[in-house]
Amino acid sequence: CMTAFGESGIKLQSLRLDQMRKLKNEFLSRAASANPSLEYLRFSLSETCICDDVILAFAHSCINLRNLALLNSRILSDEGLNALADTCRDLRHVELRELSAATDVGVCSIASRCSWLDYLTITHNDLITDDALECVAQNLPNIEFINFSDCRSITHLGVLSVLKNCILLKSLLVCDCQRVGHGTDPAVAINDDDRINDVMAVSSFRSLHLDGCTLVTNHCLHSIILLCPSVKELYLRGCDLLTDAVVMCISRLCPHLRILDVFSCRFTEAALKNMFAHCAHLQHVYWTRDITR
């Protein structure tokens with residue numbers, strides 16, 4: 001079908017293959033060469049593993065790609081991602097979910113070569129570390145959306161680096177990252193000079209998602225929100241180590257807060273009532289009634 005489009009003179013600009021079964025790599029490679037004008041490409045193939053050869057074919061043929069989503073592959077590696085970064089320099093939107101063979105190397109290739117990128121999602125990959133976040137922070141200061149959820153090797157240090165350097169960032173998701181907050185101690189704290197500079201830098205920031213980061217402590221959260229005082233949505237569901245001591249910190253440092261999700265956090269009702277009194281813009285709060293369990 002896709003090859004037929006190319007042979008008939010019709011050039012696709014968008015190609016989305018979701019839950020297709022048993023497509024052959026040869027067929028996908030032919031589709032790439034037949035449709036060089038592609039700007040949007042999404043693969044989510046059940047029973048078909050996207051391999052490097054297929055991605056190499058699209059990288060070589062479809063240099064005008066702007067929007068890329070690759071999902072669910074056990075064998076797509078850094079080789080394929082490097083090829084995309086080499087030739088598809090105008091990528092704006094990249095989504096890589098459950099690519100268990102990809103590492104920091106491939107992510108850093110994209111971050112360092114695709115300077116127009118404003119949306120980046122990398123999820124469900126334990127091979128991704130703070131090195132990838134650091135590379136994003138250093139090379140993509142104008143990125144607006146970052147999602148590294150369920151990348152269980154990244155820590156709060158990577159989160160801090162992104163918040164310090166990505167001056168146009170609007171949303172950061174690091175849900176279910178089990179090492180965020182691990183080993184938090186006073187040495188991680190930022191100094192007052194850093195605080196002043198960074199507060200000015202992230203004025204566009206909107207939403208922070210730390211849902212399921214079960215090792216986030218009061219000190220860790222304090223260090224993070226110091227860098228994003230304009231945050232309007234704060235999601236802390238399942239951050240069980242947080243205590244009432246951080247509630248006033250949130251009230252004081254996040255005056256524009258509109259949405260707060262503290263479902264299953266161990267805050268007392270009194271602490272939350274105190275927050276309600278200080279956060280004039282707060283509109284939606286999610287929490288458990290048995291808040292002191």
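The legends below accompany a set of close-up views of one predicted model.

The model is predicted, and local features need pLDDT of at least 70, side-chain atom pairs count only at pLDDT 80 or more, and totals for chains, interfaces and linings use all residues. Residues are numbered from 1 along each chain as its sequence is written, and side-chain values use heavy atoms, with hydrogens and water left out.

**View 1. The open sheet and the protein chain as a whole.** The protein chain holds 11 helices and 11 strands, where helices (H or I, at least four residues) and strands (E, at least two) are DSSP runs numbered from the N terminus. The 11 strands form an open sheet with parallel pairing, in the order β1-β2-β3-β4-β5-β6-β7-β8-β9-β10-β11; two strands pair if DSSP finds at least two bridges between them. The edge strands, each pairing on one side only, are β1 (14-18) and β11 (284-286). Neighbouring strands of this sheet are turned by 5 degrees against each other on average, direction ignored; axes are lines fitted to C-alpha atoms, for helices over the stretch in contact, and angles run from 0 to 180 degrees between N-to-C directions. Of the 293 residues in the protein chain, 54% are buried, with buried meaning under 20% relative accessible area, exposed over 50%, and partly exposed in between (1.4 Å probe, protein chains only). Among contacts (heavy atoms within 4.5 Å) in the protein chain between residues at least 6 apart in sequence, 82% join residues at least 24 apart.

View 2. At the edge strand β11, three bridges pair strand β10 (residues 259-261) with β11 in the parallel sense, and D261 has Y286 of β11 as its bridge partner.

**View 3. Packing of helices α2 and α3.** Helix α2 (residues 25-34) packs against helix α3 (residues 52-61) at an angle of about 5 degrees, with their axes 8 Å apart. That angle makes α2 roughly parallel to α3, a description that covers angles under 35 degrees, while those over 145 count as roughly antiparallel, 65 to 115 as roughly perpendicular and the rest as oblique. From α2 the contact draws on N25, L28, S29, A32 and S33, and from α3 on D53, V54, A57, F58 and S61. These residues divide into five nonpolar, four polar and one charged, where Ala, Val, Leu, Ile, Met, Phe, Trp, Tyr, Cys and Pro count as nonpolar, Asp, Glu, Lys and Arg as charged, and the others, Gly among them, as polar.

**View 4. Helix α5 and its surroundings.** Seven of the 10 residues of helix α5 (residues 104-113) are buried, so the helix is largely enclosed by the rest of the structure. The buried residues are D104, G106, V107, C108, S109, I110 and A111, and they pack against α4 (78-87), β4 (93-99), β5 (119-123) and α6. D131, found in helix α6 (residues 130-139), is exposed at 55% relative accessibility. Not counting residues up to four places away in sequence, D131 touches D104 and C108; the C-alpha atoms of D131 and C108, 23 residues apart along the chain, are separated by 8.2 Å.

View 5. The axes of helix α9 (residues 218-225) and α10 come within 10 Å and cross at roughly 5 degrees, which makes α9 roughly parallel to α10. N218, L221, H222 and I225 in α9 meet A245, V246, C249, I250, R252 and L253 in α10. In helix α11 (residues 269-278), the buried residues are A271, L272 and M275. They cover an arc of only 95 degrees around the axis, which puts them on the same side of α11; the arc is that of the directions from the helix axis to the C-beta atoms. A270, K273 and A277 are exposed on the other side of α11, while the buried residues of α11 pack against α10 (245-253) and β10.
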